[in-house]
Amino acid sequence: MDHFLYKNGVLYAEDVSLNDIAAQVGTPFYCYSTATLTRHYQVFHDALASMNPLICYAVKANDTLAILKTLALAGSGADVVSGGEIRKALAAGIAPQKIVFSGVGKTRDEMALALTQNIFQFNVESEPELYALSEVATRLNKTAGIVFRVNPDVISDTHAKISTGHKESKFGVPIADAMRLYALAATLPGISVQGVSVHIGSQLANLAPFAGAFKRVAELVRELRAAGHDIRVLDLGGGLGIPYEGSQNPPPLPSAYAEIVKEATKGLNCQLVFEPGRLLVGNAGILVTRVTYVKRSEGRIFVIVDAGMNDLIRPTLYNAYHDIVPVVVDEATETELVDVVGPVCETGDIFTAQRLLKVPKPEDLLAFRSAGAYGASMASTYNARPLLAEVMVNGSAFSVVRKRQSYEDLFARDQLPGWL
Ligand code: LLP
């Protein structure tokens with residue numbers, strides 16, 4: 001359920017017409033709905049409420065400060081993967097006690113920042129990282145609360161580029177090594193073992209891989225406790241999928257996911273942590289673009305829009321599907337097979353090929369739905385295209401929450417060497 005709905009044939013974000021936003025802000029732009037975002041947080045939270053969860057929004061999905069602050073006010077913590085994300089989470093008012101730090105390549109500087117801020121937890125992904133963390137914590141006279149991210153070797157049925165739980169993945173430590181690593185961690189200065197974490201992939205469309213992974217880590221918690229470790233936290237990662245294709249192949253509901261969690265963690269008495277990203281912001285955002293040309297060539301119809309793969313890379317990177325809908329519905333238009341493409345000079349700059357759509361006219365506005373997660377946060381300036389604007393709607397109010405990059409900004413980091 002989201003709050004992007006048609007009123008008299010015009011697409012609205014809550015009570016604001018996207019036509020009006022486009023007229024004021026220009027195109028392309030991302031538009032987020034506060035009501036959708038907070039509702040998704042609430043539905044996820046309520047499904048798990050009886051288990052007293054710590055929900056740490058995965059900042060990488062969308063790091064726009066207004067999104068972070070909206071979630072912070074709803075009660076969310078943050079799952080971060082870089083020094084930049086730590087700074088953004090703190091700037092949005094997320095308490096350090098609600099921040100978990102994931103990632104295979106944490107640098108010593110990033111560790112030092114997280115330690116001085118007293119974050120809740122480091123999700124350690126390798127033995128060398130453990131030694132580095134111990135060294136940095138000792139130097140700063142701090143103690144790092146750690147969990148190992150274990151790799152349960154389950155196959156999750158998702159795109160290969162976003163599956164992480166299989167044993168060839170770069171993420172996590174093999175579950176078979178866990179006992180040895182926990183024993184080692186218990187001996188290192190500056191390290192305090194507090195739990196176990198797992199994250200098996202993103203956009204998971206069924207529950208079986210979660211159930212398998214959660215059962216396996218619950219067993220590990222028992223084994224570690226039997227070996228004398230004080231395991232208090234169980235971090236179950238993120239990854240629950242969202243519906244991208246309308247009502248087709250709907251992924252499991254948070255309530256069904258919660259049942260799986262409850263079943264797997266029964267009697268463990270751990271603080272449960274969750275790291276949802278896409279589930280919270282995916283359907284709370286759309287990308288609005290204007291048609292520049294409609295080009296008919298060799299029997300194909302190319303709808304050329306002013307957004308490109310630099311603004312939304314998911315279709316070309318993962319073959320991802322996004323619904324594409326008109327902002328103003330024109331019943332008279334014919335439906336034909338079209339390719340919707342961007343202006344970037346790459347064959348891969350295609351949002352969809354041969355999809356049945358109403359053929360728009362130049363200047364018409366189109367919206368890519370479900371673009372709130374991994375849209376703006378993965379945008380680039382490729383082809384010297386300024387980063388696009390981001391807008392947030394709240395009832396009948398809207399505000400630009402990230403300015404369109406100016407050409408001045410686009411040049412700002414360049415400097416010519418003395419010999420030129
Ligand atoms: N926790 C960890 C350790 C992660 O690596 C991720 C996502 C999440 C949580 C959040 O997963 P989510 O709930 O959003 O599925 N760019 C890709 C997705 C990459 C996901 C990376 N890790 C896409 O556009 O589909």
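**Close-up views of a predicted model**

**View 1. Strand 19 and its two partners.** Strand 16 (residues 324-326) pairs with strand 19 in the antiparallel sense, over three bridges. Strand 14 (residues 285-297) also pairs with strand 19 in the antiparallel sense, here over four bridges. Two strands count as paired if DSSP finds at least two bridges between them. Helices (H or I, at least four residues) and strands (E, at least two) are DSSP runs, numbered from the N terminus. The structure is a predicted model: local features need pLDDT of at least 70, side-chain atom pairs count only at pLDDT 80 or more, and totals for chains, interfaces and linings use all residues. Residues are numbered from 1 along each chain as its sequence is written, and side-chain values use heavy atoms, with hydrogens and water left out.

**View 2. Ala367 and the faces of strand 19.** Which residue of strand 19 is the bridge partner of Val325? Ala367 is that partner. Ala367 is also the bridge partner of Val288. Leu365 and Ala367 point one way from strand 19 (residues 365-368). Leu366 and Phe368 point the other way, and all four are buried. In a regular strand the side chains alternate between the two faces of the sheet. Buried means under 20% relative accessible area, exposed over 50%, and partly exposed in between (1.4 Å probe, protein chains only).

**View 3. A nonpolar surface patch.** Leu416, Trp419 and Leu420 form a nonpolar patch on the surface. Together they have about 490 Å² of accessible area. Leu420 lies in the segment after helix 12 (407-411). Leu420 counts as exposed because its relative accessibility is 70%. Patches are made of residues with over 30% relative accessible area and no salt bridge; like charges are joined within 9 Å, nonpolar side chains (Val, Leu, Ile, Met, Phe, Trp, Tyr) within 5 Å. A salt bridge is a side-chain nitrogen of Lys or Arg within 4 Å of a carboxyl oxygen of Asp or Glu. Areas come from the Shrake-Rupley method with a 1.4 Å probe; for residues, only the protein chains shown count as cover.

View 4. The peptide bond from Thr27 to Pro28 is cis, with omega near -5 degrees. Pro28 sits in the loop between helix 1 (18-25) and strand 4 (29-33). Glu298 is a residue other than glycine with a positive phi, near 50 degrees. Its loop runs between strand 14 and strand 15 (300-305). Glu298 is exposed, at 80% relative accessible area. Ala384, again not glycine, has a positive phi near 50 degrees. Ala384 is in the loop between strand 19 and strand 20 (389-394). Ala384 is exposed, at 52%.
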